[in-house]
Amino acid sequence: MKHFLRYAILSGLFLLPVLAGQTIRAQAIKTNIPLTLTGNPNIGFEWSVGRQMTVNADVLWAPYMFKKNEEVFRALIGSVDFRYYINPRYYYTNDLWDGFYVGPYAMAGNFNIGLKRKDESKTNYRHKGWGVSSGITCGYKFYLSARFRLDVNIGAGYAHLQYDKYQLGGEYANFPLEIKKTRGYVGPTKAGVHIIYNIFK
């Protein structure tokens, strides 16, 4: 069941634009400013699928591996959310809206994370696995100019993680200490401050 849920969400992330068919029109490209400034490449797109309704898709890649202490912080995460704009402030010929929005989201990705603790007396570990999440996202899109917007958003919901646990560094670093551990979490799961470029005026 867990594997089915994982692959169903991953498939949905890539197939939603296809399933929406002729009504989808790519209109905006964006990047999450805090992630970009910290060196994490990311990109997002937004399409209109109906009056006051859009589909938003984001991809994040964290590529870091540090030779010192064999630390690693790598993740590839994709998310899709449907947005309904409530009483939008602006309307454009390409069906883009500004203002407050709310809607469901789905997110999935994999990770390989192991960072050294400040306390030298404690053993350091690395966790490698995957996760899926779904919930509600809301935000506000601010008008800056004919081409640019600022999108501030947050999401909360349920996240399920499955991972293997390894010792961080040393000769046994590639031998799992524990396998297929799982963890559930309910609470904030995503946030962003995006700068948006409107492809069409």
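**Close-up views of a predicted model**

The chain exposes about 11,700 Å², and carbon and sulfur atoms supply 65% of it (accessible areas come from the Shrake-Rupley method with a 1.4 Å probe; for residues, only the protein chains shown count as cover). This is a predicted model, where local features need pLDDT of at least 70, side-chain atom pairs count only at pLDDT 80 or more, and totals for chains, interfaces and linings use all residues. Residues are numbered from 1 along each chain as its sequence is written, and side-chain values use heavy atoms, with hydrogens and water left out.

View 1. Read from the N terminus, the elements go α-β-α-β-β-β-β-β-β-β. Helices (H or I, at least four residues) and strands (E, at least two) are DSSP runs, numbered from the N terminus. Of the 201 residues, 38% count as buried; buried means under 20% relative accessible area, exposed means over 50%, and partly exposed is in between (1.4 Å probe, protein chains only). Take the contacts (heavy atoms within 4.5 Å) between residues at least 6 apart in sequence: 62% of them join residues at least 24 apart.

**View 2. A network of salt bridges that includes Lys-30, Arg-83 and Asp-151.** A salt bridge here is a side-chain nitrogen of Lys or Arg within 4 Å of a carboxyl oxygen of Asp or Glu, and a search of the whole structure turns up 10 of them. Start at Glu-46, whose side chain meets that of Lys-30 in a salt bridge at 3.4 Å, N to O. That pair links distant parts of the chain, with Glu-46 in strand β2 (residues 42–50) and Lys-30 in strand β1 (residues 25–32), 16 residues apart. Both Glu-46 and Lys-30 are buried. Lys-30 also forms a salt bridge with Asp-151, with the closest N and O atoms 3.6 Å apart. This one reaches from strand β1 to Asp-151 in strand β7 (residues 148–167), 121 residues apart. Lys-30 counts as buried because its relative accessibility is 3%, and Asp-151 is buried because its relative accessible area is 0%.

View 3. Arg-83 forms a salt bridge with Asp-151, the closest N and O atoms being 2.9 Å apart. Arg-83 lies in strand β4 and Asp-151 in strand β7, so the pair ties together parts that are 68 residues apart in sequence. Both of these residues, Arg-83 and Asp-151, are buried.

**View 4. An aromatic cluster of Tyr-85, Trp-97 and Tyr-101, linked by ring pairs.** Rings of Phe, Tyr and Trp (its six-membered ring) pair if their centres lie within 6.5 Å; planes under 30 degrees apart count as stacked, over 60 as edge-to-face and the rest as tilted. By this rule the count comes to five aromatic pairs. In one of them, Tyr-85 and Tyr-101 are tilted, at 5.2 Å centre to centre with 50° between the planes. The pair links distant parts of the chain: Tyr-85 is in strand β4 (residues 71–85) and Tyr-101 in strand β5 (residues 99–114), 16 residues apart. Tyr-85 and Tyr-101 are both buried.

**View 5. Thr-137, a residue of strand β6 (residues 125–143).** Thr-137 counts as buried because its relative accessibility is 2%. A polar atom of its side chain lies 3.2 Å from the backbone oxygen of Ile-154. Skipping neighbours within four places in sequence, Thr-137 is in contact with several residues, including Asp-81, Tyr-101, Pro-104 and Gly-155.

**View 6. Tyr-84 and Met-53, with C-alpha atoms 4.7 Å apart.** These two residues are 31 apart along the chain. Tyr-84 is found in strand β4, and Met-53 lies in strand β3 (residues 53–66). Tyr-84 is partly exposed because its relative accessible area is 40%, and Met-53 counts as partly exposed because its relative accessibility is 37%. Beyond neighbours within four places in sequence, Met-53 is in contact with Trp-47, Ser-48, Arg-83, Tyr-84 and Trp-97.

**View 7. Charges over rings at Tyr-166 and Tyr-125.** Here NZ of Lys or CZ of Arg must be within 6 Å of the ring centre and within 35 degrees of the ring normal. The charged end of Arg-126 sits over the ring of Tyr-166, 4.3 Å from its centre. Lys-165 lies over the face of Tyr-125, at 4.1 Å from the ring centre.

Conventions: A polar contact is a pair of N or O atoms within 3.5 Å; within protein, one must be able to donate a hydrogen and the other to accept it, and residues adjacent in sequence count only if both atoms are side-chain atoms.
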